[in-house]
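Hi everyone, thanks for coming. Please have a look at the picture on the screen, and then we'll walk through a few parts of it together.

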Amino acid sequence: VQLQASGGGLVQVGGSLRLSCAASGRTVSRYNMGWFRQVPGKEREFVAAIRMSGSISYADSVKGRFTASRDIAKNTVYLHMTSLRPEDTAVFYCASTKSVAIRQDANYDVWGQGTLVTVSS
């Protein structure tokens, strides 16, 4: 089982990026797929999650700016980020879980390797 995150990079304030998370050995529609981010020295923070049902939850800090989605045919989930701010700078991770407690990172059992997003002012 592997999650491969990609799409990070350097972007200016107000810019956009789309992160991808390709899954192998696990079907994204049969798991709750989460996005988290972490700044060095801080705890990992919930960003968004797509449930098996297709419903999506967001952290308040990204609501209205980030959009999570999935492509079942490609077995890939995405995080489209717009109106990026310097405080969005972090390593972003995708993860999967069967747990309904999607906002707690401890409930996720498979993690991608992380992709760095840097927002410059």
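Which residue stands opposite Leu17 in β8? Take a moment to find it. It is Met81. Before we go on, please keep in mind that this is a predicted model.

Let's stay with strand β8, which covers residues 76-81. On one side, β8 is joined to β3 by six bridges, and the two strands run antiparallel. Strand β7, residues 66-71, also has six bridges to β8, and this pair is antiparallel as well.

Now follow the chain from β7 into β8. The two form a hairpin with four residues between them. In that turn sits Asn75, with a positive phi of about 55 degrees.

Is β8 mostly covered or mostly open? Mostly covered: five of its six residues are buried.

Next, the disulfide. A disulfide is a covalent bond between the sulfur atoms of two cysteines. Searching the whole structure turns up one, and it links Cys21 with Cys94, with 2.1 Å from S to S. Cys21 belongs to strand β3, residues 17-24, and Cys94 to strand β9, residues 90-97, so the link ties together parts that are 73 residues apart in sequence. The angle about the S-S bond is 70 degrees, and the link is right-handed.

Are these two cysteines buried or exposed? Cys21 has 0% relative accessibility, so Cys21 counts as buried. Cys94 is buried too, with a relative accessible area of 0%.

Definitions and conventions. Residues are numbered from 1 along each chain as its sequence is written. This is a predicted model: local features need pLDDT of at least 70, side-chain atom pairs count only at pLDDT 80 or more; totals for chains, interfaces and linings use all residues. Side-chain values use heavy atoms; hydrogens and water are left out. A disulfide is a pair of cysteine sulfur atoms within 2.5 Å. Buried means under 20% relative accessible area, exposed over 50%, partly exposed in between (1.4 Å probe, protein chains only). Two strands pair if DSSP finds at least two bridges between them.
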